[in-house]
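We will go from stop to stop, and each stop tells you what to pick and what to look for.

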Amino acid sequence: MVSGERMRICAAVALAVAVACLLAGCTNRAEDVTEPLTSSPAASASTGPVTTAIEDPAIAIETPFVGGDVGSPVSVTGTADVVDAALTVRVLGEDGDELAAIVVTSSCGDGCRGTFATELSYFVERSQPGTIEVTGVGTDGDPALSSVPVVLFPP
């Protein structure tokens, strides 16, 4: 697939996600952000970037795409059915270190699937493999984790 065609497809998917979010009454705005994180959540046991996607039934990451090139800020969207609609979204560098993290809420939780969307700013000095990770607590009470491998680009 040529680069221009890929960009058009990505733009169309992004538009579709935005429209779906608006139609679903997505309420995850910047003022809905609970707090930025300063330490890693206990639910995560990452030791480095993932090379394949990890898909938990409770959390679906829609963007960025597996293996996608991302710059800062990176937009992360998806759906989730987790306790209290609470999610932690993280950007991990090639060594597994946390480059950025934020706690967000999905538009629904505790037995219903809601949407989430956020942007995270990070800094890397050079292009490198990385991971976008979303965690929460599934409605069964167990930790839920989904992640996608990406390529992180410097500003």
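Select valine 134 to begin: serine 146 in strand E9 stands opposite this valine. You are looking at a predicted model, in which local features need pLDDT of at least 70 and side-chain atom pairs count only at pLDDT 80 or more, while totals for chains, interfaces and linings use all residues. Residues are numbered from 1 along each chain as its sequence is written, and side-chain values use heavy atoms, with hydrogens and water left out.

Strands here are DSSP runs of E, at least two residues long, numbered from the N terminus, and two of them pair if DSSP finds at least two bridges between them. In the hairpin that E8 and E9 form, 5 residues sit between the strands, and glycine 141 takes a positive phi near 90°.

Stay with E8 and colour residues 128-137 by accessibility: 8 of the 10 residues are buried, leaving the strand mostly covered. Buried means under 20% relative accessible area, exposed means over 50%, and partly exposed is in between, with a 1.4 Å probe and protein chains only.

E8 has another partner to pick, strand E5 (residues 86-92), with antiparallel pairing over 5 bridges. To find one of the bridges, select threonine 88, whose partner in E8 is threonine 135.

Next, show E2, E4 and E7. What is the order of the strands in this open sheet? The order is E2-E4-E7, and the pairing is antiparallel. E2 (59-63) and E7 (114-120) are at the edges with a single partner strand each, so one side of each has no neighbour in the sheet. From one strand to the next, the twist averages 25°, an angle between N-to-C directions on a 0 to 180 degrees scale, using lines fitted to C-alpha atoms as axes.

Zoom in on E4 (residues 74-80) and E7, which pair in the antiparallel sense over 7 bridges. Glycine 78 has phenylalanine 116 in E7 as its bridge partner.

Move on to serine 106, in the loop between strand E6 (98-105) and E7. Is serine 106 buried or exposed? Serine 106 is buried, at a relative accessible area of 7%. Beyond neighbours within four places in sequence, its contacts (heavy atoms within 4.5 Å) include Ala80, Leu87 and Phe116. A polar atom of the serine 106 side chain also lies 2.5 Å from the backbone oxygen of cysteine 108.

That cysteine is your next pick. Where does the disulfide of cysteine 108 lead? Cysteine 108 is joined to cysteine 112, S to S 1.4 Å; a disulfide is a pair of cysteine sulfur atoms within 2.5 Å. A search of the whole structure finds 1 disulfide. The link of cysteine 108 and cysteine 112 is left-handed, with -80° about the S-S bond. Cysteine 108 counts as partly exposed at 24% relative accessibility, and cysteine 112 is partly exposed at 25%.

For the last stop, select alanine 53, in the loop between strand E1 (35-36) and E2. This alanine is partly exposed, with a relative accessible area of 28%. Draw a C-alpha to C-alpha distance to serine 147: alanine 53 and serine 147 are 5.6 Å apart in space and 94 residues apart in sequence. Leaving aside neighbours within four places in sequence, alanine 53 is in contact with Val66, Ser147, Val148 and Pro149.

Terms used. Helices (H or I, at least four residues) and strands (E, at least two) are DSSP runs, numbered from the N terminus. A polar contact is a pair of N or O atoms within 3.5 Å; within protein, one must be able to donate a hydrogen and the other to accept it, and residues adjacent in sequence count only if both atoms are side-chain atoms.
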